Amino acid sequence: MQIEYKKKAIRSYVIRGGRITDGQKKAFDQWWPHYGLSLHDGLLEPATQFPANQPLVVEIGFGMGDSLFAMAEGLNENFIGIEVHPPGVGRLINNAGKAGLKNLKVYMADALDVLEDCIPDNSLARLQLYFPDPWHKKKHNKRRIVQPEFVQLVRRKLKPGACLHIATDWENYADHIMEVLSLAEGMENKAGDYLFSDKPDYRPLTKFEKRGENLGHGVWDLIFTKTLS
Ligand SMILES: C[S@@+](CC[C@H](N)C(=O)[O-])C[C@H]1O[C@@H](n2cnc3c(N)ncnc32)[C@H](O)[C@@H]1O
């Protein structure tokens, strides 16, 4: 399987070398036909992808996928995960296949391209972005995925009243995200102006979050809804 992306000057990720295990390779052979979606297939018709008519949730950058798997297993929602790290994609579809999940699909592609080309406008109940790469060096800040244009792209994809949920363990990035979201047209902070949200029960601990906790990092959740008008 190839990682799918269109040419762009600045990317929010680097393709990591992480070795694909035999298990993950087998997972691709066996489960990609069930769970994989392609950027090149263009605009998605969610109703044809999922047997149950349930709220549609997109997660960008699910990493090794264990927290997305737990959510898909435990919630009555349809999930689309987007990730460029093949070992994580392999692990997630392997777990999903073994558990027989029918409410999960996966793109191994650049999330910005998938949002632009594949996700219908006004279709999402939630977009979740958990522990995005912080790009903490000043000269790399421009690679942060959360920028004003990104928020407006996400806003187009959300249904009115639906939410963008971001969590980070990097304080300076949390402040940057708060600033960008608070200034974004058509988005409203669920917690109140410039306030962070409590971690909602539906969000499991993620791998990066645990790693951050071990390093003594704090965690900041931001939940903004798309305004109705
Ligand atoms: C710091 S990791 C967090 C992983 C996971 N959410 C967690 O909390 O354990 C960020 C992930 O986002 C992915 N990523 C970054 N930019 C992306 C993009 N534009 N499209 C798809 N995945 C992206 C990276 O490959 C990486 O796995």
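This is a predicted model: local features need pLDDT of at least 70, side-chain atom pairs count only at pLDDT 80 or more; totals for chains, interfaces and linings use all residues.

Me: Switching to helix packing, at what angle do H1 and H4 cross?

Reply: The axes of helix H1, residues 22-35, and helix H4, residues 86-99, cross at roughly 65° and come within 8 Å of each other. The crossing in which H1 passes H4 is left-handed.

Me: Which residues in H1 meet H4?

Reply: From H1 the residues are Gly23, Gln24, Ala27, Phe28, Trp31, Trp32 and Tyr35, and they meet a set in H4 that includes Pro86, Pro87, Val89, Arg91, Ile93 and Lys98. By class, the residues of this contact divide into 10 nonpolar, 5 polar and 2 charged.

Me: Now the pockets. How much space lies in the largest pocket, and which residues lie nearest its centre?

Reply: The largest pocket holds about 1100 Å³ of space. Its lining is made up of 47 residues, and those nearest the centre are Arg16, Phe131, Pro132, Asp133 and Phe208. Strand E2 (56-60), helix H3 (66-74), strand E5 (124-130) and helix H8 (207-214) are the elements that each give two or more residues to that lining.

Me: Which of them gives the most?

Reply: H8 does, with 5 residues in the lining of the largest pocket. By class, that lining has 21 nonpolar, 12 polar and 14 charged residues.

Me: What about the second largest pocket, and which residues are closest to its centre?

Reply: About 250 Å³ of space lies in the second largest pocket. Of the 15 residues that line this pocket, Leu112, Ile145, Gln147, Glu149 and Phe150 are the closest to its centre. Helix H5 (111-117) and helix H6 (148-157) are the elements that give two or more residues to the lining, and H6 provides the largest share, 3 residues.

Me: How do the residues of that lining divide by class?

Reply: In the second largest pocket, the lining divides into 6 nonpolar, 2 polar and 7 charged residues.

Notes: Residues are numbered from 1 along each chain as its sequence is written. Side-chain values use heavy atoms; hydrogens and water are left out. Axes are lines fitted to C-alpha atoms, for helices over the stretch in contact, and angles run from 0 to 180 degrees between N-to-C directions. Helices (H or I, at least four residues) and strands (E, at least two) are DSSP runs, numbered from the N terminus. A crossing is left-handed if the near helix is turned anticlockwise from the far one by less than a right angle, and right-handed if clockwise. Contact means heavy atoms within 4.5 Å. Ala, Val, Leu, Ile, Met, Phe, Trp, Tyr, Cys and Pro count as nonpolar, Asp, Glu, Lys and Arg as charged, and the others, Gly among them, as polar. On a 1 Å grid over the protein atoms alone, a cavity is a set of points where a 1.4 Å probe fits but cannot get out, and a pocket is an open set with protein on both sides within 12 Å along at least five of seven lines; lining residues have an atom within 4 Å of a point. Grid points are joined across faces, edges and corners, and a volume is the space filled by probe spheres set on the points.
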